[in-house]
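Please open the structure in your viewer and keep the selection panel at hand. The stops below each begin with something to select, followed by what is found there.

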Amino acid sequence: LEHARPGSVASVCDAMDEFVEAAWATKRQWSKVAGISKAGIIGNALRGSKSQARLLEIGTYCGYTSLRIAAEFPNASIMTLEMDPVHV
């Protein structure tokens, strides 16, 4: 995350995407991060939602999807649930 700029959601998510590509994808390991393609699908699915929607994310991991959603819907309320104590 050394390439992420403080206060920039896009640069944080971009750094996470770069890490996934460099560290996991080349080793054929599965990543829990939603990734840029899945983030686009989620964004398109939510585009018709109210700007002040209440959203629930189940399985938060490191917050990638919540960051993307919060950037696109700054007035939305996002509740996240993560059961794995390693990621809490």
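Begin by selecting Ser-66, which, in this predicted model, is in contact with Glu-57, Ile-78 and Thr-80 once its neighbours within four places in sequence are left aside. Ser-66 belongs to helix α3, which covers residues 64-72, and its relative accessible area of 12% falls under the 20% cut-off, so Ser-66 counts as buried.

Next, select strands β1 (54-58) and β2 (77-81), each of which supplies at least two residues of a nonpolar patch. The patch lies on the surface and consists of Leu-56, Ile-58, Met-79 and Leu-81, which together have about 440 Å² of accessible area. Within this group, pick out Met-79, a residue of strand β2; because its relative accessible area is 53%, and the threshold is over 50%, Met-79 is classed as exposed.

Now turn to helix α1, residues 9-24, whose end C-alpha atoms are 22 Å apart, in agreement with the 22 Å that its 16 residues should span at 1.5 Å a residue. To see which of its residues are buried, select Ser-11, Cys-13, Ala-15, Met-16, Asp-17, Val-20, Ala-23 and Trp-24.

How values were computed: Residues are numbered from 1 along each chain as its sequence is written. This is a predicted model: local features need pLDDT of at least 70, side-chain atom pairs count only at pLDDT 80 or more; totals for chains, interfaces and linings use all residues. Side-chain values use heavy atoms; hydrogens and water are left out. Patches are made of residues with over 30% relative accessible area and no salt bridge: like charges are joined within 9 Å, nonpolar side chains (Val, Leu, Ile, Met, Phe, Trp, Tyr) within 5 Å. Accessible areas come from the Shrake-Rupley method with a 1.4 Å probe; for residues, only the protein chains shown count as cover. A salt bridge is a side-chain nitrogen of Lys or Arg within 4 Å of a carboxyl oxygen of Asp or Glu. Helices (H or I, at least four residues) and strands (E, at least two) are DSSP runs, numbered from the N terminus. Buried means under 20% relative accessible area, exposed over 50%, partly exposed in between (1.4 Å probe, protein chains only). The expected span of a helix is 1.5 Å times one less than its number of residues. Contact means heavy atoms within 4.5 Å.
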